[in-house]
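Biologist: I have a new structure on my screen. Please show me how to read it, feature by feature.

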Amino acid sequence: MGHLATLVWFVNTPPYPPNATLDLIRQWLSLADRVIPVLLLVNFMDEYRQVSPGSERTASSNKWLLAKGILALLAVCSLVVGLQLVGENYGQTHLSNKEITLAQPFDEGHYVNSQGDTLFYRLLKPLDYNPQKKYPLVVGLPFSCRSDNTRQIEACPISAWLATQENRRNYPAFVFVPRCPPYTGWGGVANTPSVAPLAIEAIVALDNLYSIDPRRRYVSGVSRGGYGSWHMIGAHPELFAAAIPVCGEGDPAQASKMTSVSVWAFHGAKDKNVPVSGSRDMIAALRKMGASPQYTEYPDAAHSIWEEVVKTPGLLDWLFAQKQGNPPQNSKS
(Lines give C-alpha, C1' and ligand atoms only; values in the text may rest on other atoms or scores of the structure.)
Protein backbone atom coordinates (compact mmCIF):
# COMPACT_ATOMS: atom_id res chain seq x y z
CA MET A 1 0.00 0.00 0.00
CA GLY A 2 3.07 2.25 0.04
CA HIS A 3 2.56 3.27 -3.60
CA LEU A 4 -1.10 4.11 -2.93
CA ALA A 5 -0.10 6.32 0.02
CA THR A 6 2.37 8.13 -2.21
CA LEU A 7 -0.32 8.57 -4.85
CA VAL A 8 -2.77 9.95 -2.25
CA TRP A 9 -0.13 12.44 -1.08
CA PHE A 10 0.64 13.50 -4.64
CA VAL A 11 -2.99 14.02 -5.68
CA ASN A 12 -3.93 15.98 -2.55
CA THR A 13 -0.86 18.19 -2.27
CA PRO A 14 -0.99 21.88 -3.41
CA PRO A 15 -0.82 23.71 -5.72
CA TYR A 16 -4.54 23.54 -6.48
CA PRO A 17 -5.02 25.03 -9.97
CA PRO A 18 -6.06 22.57 -12.70
CA ASN A 19 -3.34 20.27 -13.87
CA ALA A 20 -3.57 17.97 -16.88
CA THR A 21 -1.41 15.31 -15.19
CA LEU A 22 -3.57 15.27 -12.07
CA ASP A 23 -6.72 15.13 -14.16
CA LEU A 24 -5.29 12.11 -15.99
CA ILE A 25 -4.36 10.43 -12.69
CA ARG A 26 -7.90 10.98 -11.45
CA GLN A 27 -9.30 9.30 -14.56
CA TRP A 28 -7.01 6.28 -14.06
CA LEU A 29 -7.98 6.09 -10.38
CA SER A 30 -11.61 6.01 -11.40
CA LEU A 31 -10.87 3.21 -13.88
CA ALA A 32 -8.90 1.25 -11.27
CA ASP A 33 -11.80 1.64 -8.86
CA ARG A 34 -13.90 -0.43 -11.26
CA VAL A 35 -11.35 -2.85 -12.76
CA ILE A 36 -9.36 -4.06 -9.71
CA PRO A 37 -12.28 -5.86 -7.98
CA VAL A 38 -13.05 -7.70 -11.22
CA LEU A 39 -9.44 -8.82 -11.67
CA LEU A 40 -9.20 -10.10 -8.10
CA LEU A 41 -12.47 -12.00 -8.47
CA VAL A 42 -11.27 -13.62 -11.70
CA ASN A 43 -8.01 -14.64 -10.01
CA PHE A 44 -9.88 -16.12 -7.05
CA MET A 45 -12.20 -18.17 -9.30
CA ASP A 46 -9.22 -19.42 -11.30
CA GLU A 47 -7.45 -20.69 -8.16
CA TYR A 48 -10.66 -22.27 -6.90
CA ARG A 49 -11.07 -24.28 -10.12
CA GLN A 50 -7.53 -25.64 -9.79
CA VAL A 51 -8.43 -27.53 -6.60
CA SER A 52 -9.34 -31.13 -7.59
CA PRO A 53 -12.66 -32.29 -6.07
CA GLY A 54 -11.17 -35.76 -5.36
CA SER A 55 -8.08 -34.54 -3.61
CA GLU A 56 -7.57 -35.36 0.06
CA ARG A 57 -6.61 -31.76 0.56
CA THR A 58 -9.84 -30.44 -0.95
CA ALA A 59 -11.42 -29.47 2.40
CA SER A 60 -8.32 -27.76 3.73
CA SER A 61 -7.68 -26.17 0.35
CA ASN A 62 -11.22 -24.84 0.22
CA LYS A 63 -10.82 -23.38 3.71
CA TRP A 64 -7.56 -21.76 2.68
CA LEU A 65 -9.13 -20.34 -0.48
CA LEU A 66 -12.14 -19.09 1.49
CA ALA A 67 -9.86 -17.30 3.95
CA LYS A 68 -7.83 -15.94 1.07
CA GLY A 69 -10.99 -14.77 -0.67
CA ILE A 70 -12.21 -12.98 2.46
CA LEU A 71 -8.86 -11.24 2.87
CA ALA A 72 -8.89 -10.30 -0.80
CA LEU A 73 -12.41 -8.93 -0.45
CA LEU A 74 -11.40 -6.83 2.55
CA ALA A 75 -8.36 -5.57 0.65
CA VAL A 76 -10.53 -4.67 -2.33
CA CYS A 77 -13.03 -2.81 -0.14
CA SER A 78 -10.22 -0.85 1.52
CA LEU A 79 -8.67 -0.02 -1.83
CA VAL A 80 -11.97 1.02 -3.40
CA VAL A 81 -12.84 3.26 -0.44
CA GLY A 82 -9.35 4.75 -0.56
CA LEU A 83 -9.61 5.47 -4.27
CA GLN A 84 -13.04 7.04 -3.82
CA LEU A 85 -11.74 9.28 -1.03
CA VAL A 86 -8.83 10.33 -3.21
CA GLY A 87 -11.18 11.21 -6.05
CA GLU A 88 -13.61 13.07 -3.81
CA ASN A 89 -10.84 15.04 -2.12
CA TYR A 90 -9.33 15.90 -5.47
CA GLY A 91 -12.69 17.24 -6.64
CA GLN A 92 -12.97 19.40 -3.53
CA THR A 93 -9.47 20.86 -3.68
CA HIS A 94 -8.78 21.19 -7.40
CA LEU A 95 -10.61 23.31 -9.92
CA SER A 96 -11.44 21.60 -13.19
CA ASN A 97 -10.72 23.26 -16.51
CA LYS A 98 -14.46 23.38 -17.16
CA GLU A 99 -15.12 25.25 -13.90
CA ILE A 100 -12.45 27.83 -14.66
CA THR A 101 -13.57 28.28 -18.27
CA LEU A 102 -17.20 28.87 -17.24
CA ALA A 103 -16.18 31.42 -14.60
CA GLN A 104 -13.76 33.42 -16.78
CA PRO A 105 -16.29 35.96 -18.15
CA PHE A 106 -17.49 36.72 -14.60
CA ASP A 107 -15.79 39.28 -12.39
CA GLU A 108 -15.29 38.44 -8.72
CA GLY A 109 -16.84 40.68 -6.10
CA HIS A 110 -18.03 40.78 -2.53
CA TYR A 111 -20.58 42.65 -0.48
CA VAL A 112 -20.18 43.52 3.22
CA ASN A 113 -23.19 44.76 5.17
CA SER A 114 -23.25 47.01 8.23
CA GLN A 115 -22.95 43.99 10.54
CA GLY A 116 -19.80 42.82 8.80
CA ASP A 117 -21.44 39.86 7.06
CA THR A 118 -19.77 39.12 3.73
CA LEU A 119 -21.24 37.65 0.57
CA PHE A 120 -18.93 36.68 -2.27
CA TYR A 121 -20.30 36.67 -5.77
CA ARG A 122 -19.56 36.56 -9.48
CA LEU A 123 -20.89 39.21 -11.83
CA LEU A 124 -21.17 39.11 -15.61
CA LYS A 125 -21.35 42.55 -17.22
CA PRO A 126 -23.09 43.29 -20.51
CA LEU A 127 -20.95 43.28 -23.63
CA ASP A 128 -19.85 46.83 -24.46
CA TYR A 129 -21.30 48.06 -21.19
CA ASN A 130 -22.49 51.67 -21.43
CA PRO A 131 -23.21 53.35 -18.06
CA GLN A 132 -25.61 55.69 -19.85
CA LYS A 133 -27.94 52.78 -20.60
CA LYS A 134 -30.09 50.71 -18.24
CA TYR A 135 -29.63 46.96 -18.25
CA PRO A 136 -31.66 44.10 -16.76
CA LEU A 137 -30.23 42.04 -13.92
CA VAL A 138 -30.54 38.26 -13.75
CA VAL A 139 -29.93 36.66 -10.37
CA GLY A 140 -28.72 33.08 -10.76
CA LEU A 141 -28.92 30.96 -7.61
CA PRO A 142 -26.51 27.98 -7.56
CA PHE A 143 -27.88 24.55 -6.72
CA SER A 144 -24.92 23.55 -4.55
CA CYS A 145 -22.86 25.07 -1.76
CA ARG A 146 -19.21 25.43 -2.67
CA SER A 147 -16.17 26.62 -0.77
CA ASP A 148 -14.72 28.26 -3.87
CA ASN A 149 -16.28 31.23 -5.65
CA THR A 150 -15.14 29.95 -9.05
CA ARG A 151 -17.21 26.77 -8.84
CA GLN A 152 -20.49 28.62 -8.50
CA ILE A 153 -20.99 29.17 -12.24
CA GLU A 154 -21.02 25.46 -13.04
CA ALA A 155 -23.61 25.05 -10.28
CA CYS A 156 -25.79 27.78 -11.80
CA PRO A 157 -27.05 26.70 -15.25
CA ILE A 158 -28.86 29.96 -16.06
CA SER A 159 -25.66 31.97 -15.62
CA ALA A 160 -23.61 29.66 -17.82
CA TRP A 161 -26.35 29.81 -20.48
CA LEU A 162 -26.48 33.61 -20.47
CA ALA A 163 -22.69 33.82 -20.60
CA THR A 164 -22.47 32.34 -24.10
CA GLN A 165 -21.39 34.85 -26.72
CA GLU A 166 -24.65 34.48 -28.61
CA ASN A 167 -26.81 35.20 -25.58
CA ARG A 168 -24.58 38.05 -24.45
CA ARG A 169 -25.09 39.68 -27.82
CA ASN A 170 -28.83 39.01 -27.98
CA TYR A 171 -29.65 39.73 -24.33
CA PRO A 172 -27.29 42.35 -22.86
CA ALA A 173 -27.66 42.03 -19.10
CA PHE A 174 -25.92 41.79 -15.77
CA VAL A 175 -25.81 38.26 -14.36
CA PHE A 176 -25.31 38.08 -10.60
CA VAL A 177 -24.29 34.76 -9.03
CA PRO A 178 -23.96 34.83 -5.23
CA ARG A 179 -21.91 32.13 -3.55
CA CYS A 180 -23.81 29.68 -1.41
CA PRO A 181 -21.57 28.96 1.61
CA PRO A 182 -21.40 25.33 2.77
CA TYR A 183 -24.39 24.08 4.77
CA THR A 184 -26.61 27.03 3.78
CA GLY A 185 -29.32 27.74 1.23
CA TRP A 186 -31.41 30.44 -0.42
CA GLY A 187 -34.46 29.98 1.76
CA GLY A 188 -37.40 27.60 1.57
CA VAL A 189 -35.42 24.49 2.55
CA ALA A 190 -36.29 23.14 5.99
CA ASN A 191 -33.56 23.06 8.65
CA THR A 192 -31.12 24.90 6.39
CA PRO A 193 -29.70 28.34 7.30
CA SER A 194 -30.55 30.91 4.64
CA VAL A 195 -28.26 33.56 3.21
CA ALA A 196 -31.11 34.99 1.13
CA PRO A 197 -31.40 38.20 3.23
CA LEU A 198 -27.71 38.96 2.65
CA ALA A 199 -28.06 38.18 -1.06
CA ILE A 200 -31.05 40.54 -1.29
CA GLU A 201 -28.99 43.31 0.31
CA ALA A 202 -26.21 42.71 -2.21
CA ILE A 203 -28.68 42.78 -5.12
CA VAL A 204 -30.05 46.13 -4.02
CA ALA A 205 -26.52 47.51 -3.48
CA LEU A 206 -25.63 46.78 -7.11
CA ASP A 207 -27.87 49.69 -8.12
CA ASN A 208 -25.27 52.03 -6.62
CA LEU A 209 -22.45 50.47 -8.61
CA TYR A 210 -23.91 49.85 -12.05
CA SER A 211 -26.60 51.07 -14.39
CA ILE A 212 -29.30 48.51 -13.64
CA ASP A 213 -32.95 48.79 -14.61
CA PRO A 214 -34.86 48.30 -11.32
CA ARG A 215 -37.95 47.23 -13.26
CA ARG A 216 -36.16 44.35 -14.94
CA ARG A 217 -34.71 42.16 -12.23
CA TYR A 218 -35.14 38.41 -12.70
CA VAL A 219 -34.27 35.35 -10.63
CA SER A 220 -33.75 31.71 -11.57
CA GLY A 221 -32.24 28.58 -10.12
CA VAL A 222 -32.32 24.79 -10.24
CA SER A 223 -33.09 22.53 -7.26
CA ARG A 224 -31.78 24.47 -4.22
CA GLY A 225 -31.79 27.50 -6.52
CA GLY A 226 -35.39 26.67 -7.48
CA TYR A 227 -36.38 26.77 -3.82
CA GLY A 228 -34.58 30.09 -3.53
CA SER A 229 -36.32 31.53 -6.59
CA TRP A 230 -39.74 30.83 -5.12
CA HIS A 231 -38.63 32.12 -1.73
CA MET A 232 -37.18 35.38 -3.01
CA ILE A 233 -40.20 36.39 -5.08
CA GLY A 234 -42.42 35.58 -2.10
CA ALA A 235 -40.33 37.55 0.38
CA HIS A 236 -39.44 40.42 -1.99
CA PRO A 237 -41.90 40.57 -4.90
CA GLU A 238 -41.19 44.31 -5.20
CA LEU A 239 -37.69 43.53 -6.47
CA PHE A 240 -38.43 41.07 -9.25
CA ALA A 241 -40.30 41.20 -12.53
CA ALA A 242 -40.01 37.49 -13.31
CA ALA A 243 -38.74 34.14 -12.05
CA ILE A 244 -37.83 30.80 -13.62
CA PRO A 245 -37.83 28.20 -10.80
CA VAL A 246 -36.61 24.80 -11.98
CA CYS A 247 -37.19 21.67 -9.88
CA GLY A 248 -38.00 23.81 -6.86
CA GLU A 249 -40.60 24.13 -4.16
CA GLY A 250 -42.23 27.16 -2.58
CA ASP A 251 -44.67 28.02 0.15
CA PRO A 252 -48.23 28.21 -1.23
CA ALA A 253 -49.10 30.55 1.64
CA GLN A 254 -46.88 33.17 -0.04
CA ALA A 255 -48.69 32.95 -3.37
CA SER A 256 -50.77 36.05 -2.67
CA LYS A 257 -47.56 38.09 -2.52
CA MET A 258 -46.25 36.81 -5.87
CA THR A 259 -49.12 37.68 -8.18
CA SER A 260 -47.29 40.69 -9.64
CA VAL A 261 -44.30 38.55 -10.66
CA SER A 262 -44.27 36.68 -13.95
CA VAL A 263 -43.45 33.01 -13.36
CA TRP A 264 -42.48 30.18 -15.69
CA ALA A 265 -41.75 27.06 -13.66
CA PHE A 266 -40.30 23.72 -14.81
CA HIS A 267 -40.28 20.28 -13.21
CA GLY A 268 -39.86 16.60 -14.04
CA ALA A 269 -42.80 14.37 -13.11
CA LYS A 270 -40.48 11.59 -11.92
CA ASP A 271 -38.26 13.83 -9.79
CA LYS A 272 -37.15 11.95 -6.66
CA ASN A 273 -34.99 14.78 -5.27
CA VAL A 274 -37.66 17.48 -5.19
CA PRO A 275 -41.21 16.09 -5.56
CA VAL A 276 -43.10 17.46 -8.53
CA SER A 277 -45.80 18.57 -6.10
CA GLY A 278 -43.41 21.38 -5.12
CA SER A 279 -44.10 23.11 -8.44
CA ARG A 280 -47.65 21.88 -8.96
CA ASP A 281 -48.81 23.24 -5.60
CA MET A 282 -47.24 26.65 -6.23
CA ILE A 283 -48.77 26.95 -9.69
CA ALA A 284 -52.18 25.94 -8.34
CA ALA A 285 -51.91 28.46 -5.49
CA LEU A 286 -50.95 31.29 -7.87
CA ARG A 287 -53.82 30.51 -10.22
CA LYS A 288 -56.19 30.45 -7.26
CA MET A 289 -55.03 33.99 -6.50
CA GLY A 290 -55.84 35.10 -10.03
CA ALA A 291 -52.29 34.99 -11.44
CA SER A 292 -51.41 33.38 -14.77
CA PRO A 293 -48.10 31.54 -14.23
CA GLN A 294 -46.70 29.27 -16.90
CA TYR A 295 -45.71 25.73 -16.09
CA THR A 296 -43.85 23.11 -18.10
CA GLU A 297 -43.74 19.56 -16.77
CA TYR A 298 -41.80 16.73 -18.36
CA PRO A 299 -43.75 13.48 -17.83
CA ASP A 300 -40.82 11.12 -18.33
CA ALA A 301 -38.05 13.19 -16.76
CA ALA A 302 -36.62 13.22 -13.24
CA HIS A 303 -34.42 15.85 -11.58
CA SER A 304 -31.95 16.61 -14.37
CA ILE A 305 -34.11 18.58 -16.77
CA TRP A 306 -32.03 21.69 -17.48
CA GLU A 307 -30.99 20.47 -20.92
CA GLU A 308 -34.68 20.28 -21.79
CA VAL A 309 -35.41 23.69 -20.26
CA VAL A 310 -32.93 25.45 -22.55
CA LYS A 311 -34.73 23.96 -25.57
CA THR A 312 -37.93 25.80 -24.63
CA PRO A 313 -38.80 28.08 -27.57
CA GLY A 314 -38.83 31.75 -26.66
CA LEU A 315 -37.88 31.30 -23.00
CA LEU A 316 -35.27 34.06 -22.92
CA ASP A 317 -37.40 36.33 -25.10
CA TRP A 318 -40.19 35.87 -22.57
CA LEU A 319 -37.90 36.50 -19.60
CA PHE A 320 -36.40 39.76 -20.87
CA ALA A 321 -39.80 41.07 -21.97
CA GLN A 322 -41.03 41.16 -18.35
CA LYS A 323 -41.09 44.47 -16.51
CA GLN A 324 -42.06 45.14 -12.94
CA GLY A 325 -45.23 47.16 -12.57
CA ASN A 326 -46.72 45.81 -15.80
CA PRO A 327 -49.24 42.96 -15.83
CA PRO A 328 -47.39 39.61 -16.04
CA GLN A 329 -46.97 38.58 -19.66
CA ASN A 330 -47.46 35.15 -21.15
CA SER A 331 -45.24 33.63 -23.78
CA LYS A 332 -46.26 34.11 -27.38
CA SER A 333 -44.59 30.89 -28.43
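Modeller: Start with W230, which lies in helix α8 (residues 224-235). Helices (H or I, at least four residues) and strands (E, at least two) are DSSP runs, numbered from the N terminus. This is a predicted model: local features need pLDDT of at least 70, side-chain atom pairs count only at pLDDT 80 or more, while totals for chains, interfaces and linings use all residues. Residues are numbered from 1 along each chain as its sequence is written, and side-chain values use heavy atoms, without hydrogens and water.

Biologist: Is W230 buried or exposed?

Modeller: Buried means under 20% relative accessible area, exposed over 50%, partly exposed in between (1.4 Å probe, protein chains only). W230 has 0%, so W230 is buried.

Biologist: Which residues does W230 touch?

Modeller: Contact means heavy atoms within 4.5 Å. Leaving out residues up to four places away in sequence, W230 touches several residues, including P245, M258, V263 and L286.

Biologist: What does α8 lie across?

Modeller: Axes are lines fitted to C-alpha atoms, for helices over the stretch in contact; angles run from 0 to 180 degrees between N-to-C directions. Helix α8 lies across β3 (135-141), β5 (212-222), β6 (242-246) and β7 (262-268), at about 140° to β5. Helix α9 (residues 277-288) also packs on the sheet, touching β7 and β8.

Biologist: What is the order of the strands in the sheet?

Modeller: Two strands pair if DSSP finds at least two bridges between them. The open sheet of eight strands runs β1-β2-β4-β3-β5-β6-β7-β8, with mixed pairing. Its edge strands, β1 (107-112) and β8 (294-298), each pair on one side only.
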